[in-house]
Amino acid sequence: MLMANTNIYLTLLLLLSVLKWVQSTPHSSTNYVQDACSVTRYRALCINTLAPFSTTAKTSPSKWARAGVSITIGETKKVTQYLMKVKNYRTMKGSYKIPLSDCIECLQDAIDQLHGSLGVLRKLNARNFYAQMGDITTWLSAVLTDQETCLDGFENPRGKQAKMVRNRVLRSSYFTSNALALVNKLAASGLDNTVA
């Protein structure tokens with residue numbers, strides 16, 4: 001009986017040691033995304049949307065910046081497609097017709113700026129690094145401006161459809177804000193700390 005209790009005790013002690021070691025591992029995939037997203041304004045959104053990139057991005061600021069911009073492209077495209085459906089099905093009536101068209105134009109411009117940013121992030125080089133970072137931050141700031149311009153047309157939305165448009169565009173701006181923060185982190189860390 002004493003031997004059985006000792007074996008159970010040792011097994012539990014070993015199990016607790018392993019669990020404590022796993023929890024204290026400094027760079028589990030959860031920690032990678034939390035570290036990357038620590039600089040963002042919308043952390044929960046960042047962590048939830050970028051978690052799948054943890055195993056490949058790890059501690060690379062350039063990979064996290066690319067992931068942030070990629071996710072933002074996808075989200076902005078979804079919002080733009082939604083707005084085009086609203087326009088095509090003529091569900092938006094009255095004073096929102098013109099702001100809706102303006103909004104679509106702004107978001108299409110934003111998608112172009114996002115693609116330009118991603119293209120540069122894929123071709124970073126030491127010689128032009130700071131100029132490239134300047135271009136990318138300018139373009140991402142322009143995306144935020146496009147989104148804000150769109151939101152201006154739906155400032156005090158009346159009706160369910162107008163509120164949905166506003167909420168979707170607002171959410172896409174959160175993605176952009178996070179992407180810009182990840183790019184700023186890359187710019188601050190420099191090219192020496194990036195992994196291709």
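Helices here are DSSP runs of H or I that span at least four residues, numbered from the N terminus, and the model in the viewer is a predicted one.

With that naming in place, begin at the largest pocket, to whose lining H7 and H8 each supply at least two residues. Select Arg41, Tyr42, Leu144, Glu148, Leu151, Leu170, Ser173, Tyr174, Ser177 and Leu180, which together line this pocket, and display the space between them, which comes to about 170 Å³. Colouring by helix will show that H8 gives the most to the lining, with 5 residues.

Select Val69, Leu121, Met133 and Val183, which, of the 19 residues in the largest nonpolar core, touch the most other members. Four helices each supply at least two residues of this core, namely H5 (61–88), H6 (97–121), H7 (129–152) and H8 (160–189), and H7 gives the most, with 6 residues. Centre the view on Leu121 and show its surroundings: leaving aside residues up to four places away in sequence, Leu121 touches Ala65, Arg66, Val69, Met133, Ile136, Val183 and Leu186. Apart from this core lies another, of 16 residues, including Tyr82, Cys103, Phe154 and Val165.

The aromatic rings come next, and the count of aromatic pairs is 3. Select Tyr96 and Phe154, whose rings form a stacked pair, 5.2 Å centre to centre with 5° between the planes. This pair links distant parts of the chain, since Tyr96 sits in the loop between H5 and H6 and Phe154 in the loop between H7 and H8, 58 residues apart. Tyr96 has a relative accessibility of 9% and therefore counts as buried, and Phe154, at 1%, counts as buried too.

For a contrasting geometry, select Phe129 and Tyr130: their ring centres are 5.0 Å apart and their planes stand at 80°, so this pair is edge-to-face. Which of the two partners is buried, and which exposed? Colouring by accessibility will separate them, because Phe129 has a relative accessible area of 1% and is buried, whereas Tyr130 has one of 59% and is exposed.

How values were computed:
Residues are numbered from 1 along each chain as its sequence is written. This is a predicted model: local features need pLDDT of at least 70, side-chain atom pairs count only at pLDDT 80 or more; totals for chains, interfaces and linings use all residues. Side-chain values use heavy atoms; hydrogens and water are left out. A nonpolar core is a set of buried Ala, Val, Leu, Ile, Met, Phe, Trp, Tyr and Cys residues joined through side-chain atoms within 4.5 Å. Buried means under 20% relative accessible area, exposed over 50%, partly exposed in between (1.4 Å probe, protein chains only). Contact means heavy atoms within 4.5 Å. Rings of Phe, Tyr and Trp (its six-membered ring) pair if their centres lie within 6.5 Å; planes under 30 degrees apart count as stacked, over 60 as edge-to-face and the rest as tilted. On a 1 Å grid over the protein atoms alone, a cavity is a set of points where a 1.4 Å probe fits but cannot get out, and a pocket is an open set with protein on both sides within 12 Å along at least five of seven lines; lining residues have an atom within 4 Å of a point. Grid points are joined across faces, edges and corners, and a volume is the space filled by probe spheres set on the points.
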